[in-house]
Amino acid sequence: MPLIGSSKNHGKETFNMNAQDQENRLPRRRVLQWFAAVAAAEGIALPAALAQTTKPGSTGYGQDPVMAKSYERGEVWPLTFTKVEKTAALALADMIFPKDDMGPAASEVRVADFIDEWVSAPYPRQQGDRKAIIPGLKVLDEDCRKRFQKNFVELNEPQKKAACDEMAKGNHFFHVFTALAAGAYYSDPRCWKALGYAGNIPVGGAFPGPPKEVLDQLGLVQTVL
Amino acid sequence: MPTISISKAQSEYDVIIVGSGAGGGQMAYTLTLAGIKCLMLEAGRSYDVAKETPMFQTGKDAPLGGSSTPDKNFGFFDATIDGGWQVPDEPYTQASDKAEEQFKWWRARMMGGRTNHWGRISLRNGPYDFKPYSRDGLGFDWPISYDDLEPYYTKVEKLIGVYGSNEGMENTPDSPAGVLQPPPKGRVGDLMIQKHGKKLGVPVIPIHRAVLTQPQDGKKLAPELHPDNPEAQKIVEESMSSRAACFWATDCGRGCSIRANYQSTTVHLPPALATGNLDIIPNAHVREVIVGKDGKAKGVLFIDKTTGKEERVKGKAVVLAASSGETVRILLNSASGDSIANSSGLVGKYIMDTVGSDMLGQIPAMENLPAHNDDGAGGCHFYSPWWLYKEQKAGKLDFARGYHIEISGTRSMPKGNSPVPSHFFKGLYGTKLKEAARRYYGSFVHLACRGEMIPNEGSFAELDSEVKDKWGIPVMKWHWKWSDHELNMSAHAQKTFAGIFEAAGGKGLYDPKRDPRKAILRGGEVIHEVGGALMGADAKKSVCNEWNQTWDIKNLLLCDASPFASNSDKNPTETIMALAWRAADRLIEESRKGNL
């Protein structure tokens, strides 16, 4: 994070990664710094050239959005995936986050809509990701047609797996898509259990602190009694 | 929050207060409870904490999962409204195009200002921190000592509610018995750093933060704070009784609808309004202080942003508490741009921020920990106060002042970004990806150096001779410079952090030897903007006296951080409030003598 300062050396992707960690963290000061870093990296104003690359809405939610409500994806700016892009994104997201013992499938928690909202946003960071995602979804289908004569969504499971295994070797689009999908997936409370996040619930009395099994595993002793 | 428009304002007030944050809020609180009629001007809109705070919203509820954007720099749920690194219609400029010579200016145009989202870290300056020049020959001494301010730190802590412990450490003051609320238990990251920091001699103790860990005892506290003032006691007791203790969920940075933490809008302003002695005009963008022929402040000239019209309000005294940068700007723009309170020529000089230098580390022992609720008090529980005073005194370090370390674990709510840096699961998908996310989630700890910057000639602000804001008012132009003291401190912190992570069997994710100019945060980025109108003992060498009064205009007080003569590693907010309360008491005393 502000690290930020430091992460500037490491290129934008690393930077964003670091920013992510902090974003979760509450500690105001550091979080502030992290975000600061992000803001610095993103630039403050929306460059006109970038704005023009977003087809529909090109204004953000501004500095005074209503915070205490629940937004639908696409409520603050229009979603821009074409039907073909959405179809490919849905299928790919479900390969990356399938339904299993740990949690629901990506499609159950609308990961593709989140990514659509993300790449449709009129902000520099998201516009940068759009440059990887939109062409990447197209190339994904093109590659699948060359190899299997079908679009990704039409492949059977072993074929989808073969396509993903190929991309997992170092495809930039795949890595960006996976990182966005992870942000989307774990933002949904239905996926918190898969991660091990167990908060956002009011607790009465004194803060209980970590359970004994956690302290024992790390050889720690609670020092505030 | 009840506000008025200019048409409802009285023809004259006792005191005009510019700004509604920590300093303005404290002034309004102390003065109105003593029966003084105040008008507060806030540049932003009013704000209803109970209705507007997103207490339990998740990433599912917010655009982009709540991640940061140029509109909401600290994420969608950050309490800041109409603010951030840039504010529309109100630009600021830089003297240099080099990033390390620029100042990033965070402003919040809203009722309560930056207190709505701040970190709630409430540390007292220690005795050394008021006399830095006497100790090492650098910077400036304050005209007051710790003993002068101690009673006010205690009052502030009783009023706002601060958790923490008394550890008896050097230059890290204890509070009197019974003042602090109990600290919350350590979280897993806190306890790890505490255990392994010990190997390097780094002490880790509970931090002090303005969050109630128990209900406030208004019946006991109100009479202690306001002896001989039954009406004030009643109002304050009622306000305290209506605050709830923390329920260990949701970030403090969102604000707090149950009023468990301090923000001006929930702690200072409600009792001040309850006295009937406070009017507040929002959307009031102050241009200048009006000074009479007799050399006294007569009131304030502002732009009503709802109409675009210039308005004037009169007061027997004027308090500027608009943030250091904005207070300096008002002083420089007054007298039609000739500046006021500036016979020393020092208005705008010696602006300071906090030295920030951070590192994220990964600790394998913390992988795959059993799931548990680690939310806690919505901010830091533990920190390391500066621990190398003796080494510094012995000349063993290549920087003169200290830093503390703020510790943050990472088992927090995912909000739009991957909860684990994505290179930790590069090339994985499917169940293996989920297993990797589960494995690494929460295995990171963030350490933040927050250290003292020594005031220097190269860090100051002036009016830009060309650029004006939407209302035609000249804007601030910033100059910034870090000295070797700050850069060497940053390098020391990086090395220390790498050592702590190693001691815990982990690894820092950044190279600790990287250029300290890259490791240090930009000027202003810690949002501890202080100085610019320093207090001192000599009218020729300072802007304010020890009572926050400007030397040149005695009925003009500066009650934000602009009078700070130094910026110790302790976060400035509690000191802003303590100084303001002290200044307000002095003003009340003068008023009773008929000197207002």
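Two strands count as paired here if DSSP finds at least two bridges between them. Keep that in mind, because sheets come up a lot. The model is a predicted one.

One place to look is Lys468(B), which stands opposite Pro474(B) in S17(B).

Now step back to the whole of chain B. The secondary structure comes to 15 helices and 20 strands. The radius of gyration of chain B is 23 Å, close to the 25 Å from the globule rule for 596 residues, so chain B is as compact as a globular protein of that length. Along the principal axes, the C-alpha trace of chain B spans about 75 × 50 × 45 Å. How much of chain B is buried? The figure is 65% of the 596 residues. Then contacts. Take those in chain B between residues at least 6 apart in sequence: 74% of them join residues at least 24 apart.

Chain A next. The secondary structure of chain A has 11 helices and zero strands. Along the sequence, the pattern is α-α-α-α-α-α-α-α-α-α-α. Chain A has 225 residues, and 48% of them are buried. For contacts in chain A between residues at least 6 apart in sequence, 61% join residues at least 24 apart.

How do the chains meet? On the chain B side, 109 residues are in contact with 90 residues of chain A. Several elements of chain B give two or more residues to that side, among them helix H6 (188–197), strand S12 (355–362), strand S14 (403–409), helix H12 (431–440) and strand S15 (444–451). What is the make-up of the chain B side? It divides into 47 nonpolar, 37 polar and 25 charged residues.

Some of those elements belong to another sheet of chain B. This one is open, has six strands, and is antiparallel. The order is S6-S13-S14-S15-S12-S18. The edges are strand S6 (205–206) and strand S18 (507–508) of chain B, each pairing on one side only. Walk in from S6(B). Two bridges join S6(B) to strand S13 of chain B, residues 382–384, in the antiparallel sense. Pro206(B) stands opposite Phe382(B) there. H6(B) packs on this sheet and touches S13, S14 and S15 of chain B. The direction of H6(B) makes about 135° with that of S14(B).

Keep walking. S13(B) pairs with S14(B), again antiparallel, over two bridges. Ser384(B) has Ile405(B) in S14(B) as its bridge partner. Then seven bridges join S14(B) to S15(B), and these strands run antiparallel. Ser408(B) stands opposite His446(B) in S15(B).

Is S14(B) buried or exposed? Seven of its seven residues are buried. On one side are Tyr403(B), Ile405(B), Ile407(B) and Gly409(B); on the other, His404(B), Glu406(B) and Ser408(B). Both faces are covered. The general point is that side chains in a regular strand alternate between the two faces of the sheet.

Helix H13 of chain B, residues 484–503, lies across S12, S14, S15 and S18 of chain B. H13(B) runs at about 20° to S12(B).

Last, helix packing in chain B. Helix H7 (218–225) packs with helix H8 (230–241) at about 140°, with the axes 8 Å apart. The crossing of H7(B) and H8(B) is right-handed. Their contact holds six nonpolar, three polar and two charged residues.

H7(B) also meets helix H5 of chain B, residues 146–160. Those axes come within 10 Å and cross at roughly 150°. This crossing is left-handed. Lys155(B), Lys158(B) and Leu159(B) in H5(B) meet Leu221(B), Glu224(B) and Leu225(B) in H7(B). That contact divides into three nonpolar, no polar and three charged residues.

Notes
Residues numbered from 1 in each chain as written. Chains lettered and ligands numbered in written order. Predicted model: local features only at pLDDT ≥ 70, side-chain atom pairs only at ≥ 80, totals over all residues. Helix = DSSP H or I, 4+ residues; strand = E, 2+ residues; numbered from the N terminus. Contact = placed C-beta atoms within 7 Å. Nonpolar A, V, L, I, M, F, W, Y, C, P; charged D, E, K, R; others polar. Rg over C-alpha atoms; globule rule 2.2 N^0.38 Å. Buried ≥ 20, exposed ≤ 12 C-beta atoms within 10 Å, placed from the backbone. Axes fitted to C-alpha atoms, helices over the stretch in contact; angles between N-to-C directions. Left-handed = near helix turned anticlockwise from the far one by under 90°.
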